[in-house]
Amino acid sequence: MSAGPLVASATGIALLVVTAYVLIGGTLTTTEVMVEAQSNLVAYQEARMRTAIEIQETVIDNQTLYVKVKNTGSESIVDFPSIDVYLQVEGEPVYVPYGTDLNHWSKVSIEPDGVHPGQIDPGETLTISITYAVGVTPPTWVQVVTPNGVTGSAYINSGE
């Protein structure tokens, strides 16, 4: 009897074992990634459910809009550059990015900022300022969006 069929059979079995190992390993890795993604999604949604904001006051002083945003939820808000601000100017929505230039919003203060300085903890109020160009029609409405998608909006008190 020749050794050829034995070698071919052994090679075939080895290839089947390696293929099964690769397939099972890939399946386990994919399953692990899916479980972790679902866990992260649940944690993100839970944090979003605990987040709530309310615009307490809006005041225009010269060419600057001041907005007081109170954290009425139970989750701290920490990532200021990721907070989005939108204004309605002449009936059109306008996105206002974070920064210190003209047509950007910036943090003025957090009151009372005693527990975690620099974060908007539950019960604290963030005051932001938005300076817009001279001659531009004052905005009539403002919306603030937290990094996890929770919003608060209000009409603007023109101070007139």
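This is a predicted model: local features need pLDDT of at least 70, side-chain atom pairs count only at pLDDT 80 or more; totals for chains, interfaces and linings use all residues.
Strand 3 and strand 4 form a hairpin with two residues between them, and Glu90, which sits in the turn, has a positive phi of about 55 degrees. Strands here are DSSP runs of E with at least two residues, helices are runs of H or I with at least four, and both are numbered from the N terminus. Residues are numbered from 1 along each chain as its sequence is written, and side-chain values use heavy atoms, with hydrogens and water left out.

Strand 3 and strand 4 run antiparallel and are joined by five bridges, where two strands pair if DSSP finds at least two bridges between them. Within this pairing, Leu87 has Val94 in strand 4 as its bridge partner. Strand 3, residues 84–89, has a covered face made of Val85, Leu87 and Val89, and an uncovered face made of Asp84, Tyr86 and Gln88.

Now, in what order do the four strands of the open sheet stand? The order is 4-3-7-8, with antiparallel pairing, and the edge strands, each pairing on one side only, are strand 4 (92–96) and strand 8 (151–155). Strand 3 also pairs with strand 7 in the antiparallel sense over five bridges, and there Gln88 has Trp141 as its bridge partner. Strand 7, residues 141–145, is in turn joined to strand 8 by five bridges, again antiparallel, with Val145 standing opposite Thr151.

Turning to the aromatic side chains, the structure holds two aromatic pairs. Rings of Phe, Tyr and Trp (its six-membered ring) pair if their centres lie within 6.5 Å, and planes under 30 degrees apart count as stacked, over 60 as edge-to-face and the rest as tilted. The rings of Tyr86 and Tyr95 have centres 5.4 Å apart and planes at 55 degrees, so this pair is tilted. Tyr98 and Trp105, by contrast, form an edge-to-face pair, with 4.7 Å centre to centre and 65 degrees between the planes.

Is Trp105 buried or exposed? Trp105 counts as buried, at 0% relative accessibility, whereas Tyr98 is partly exposed at 36%; buried means under 20% relative accessible area, exposed over 50%, and partly exposed in between, with a 1.4 Å probe and protein chains only. Tyr86 is likewise partly exposed, at 28%, and so is Tyr95, at 43%.
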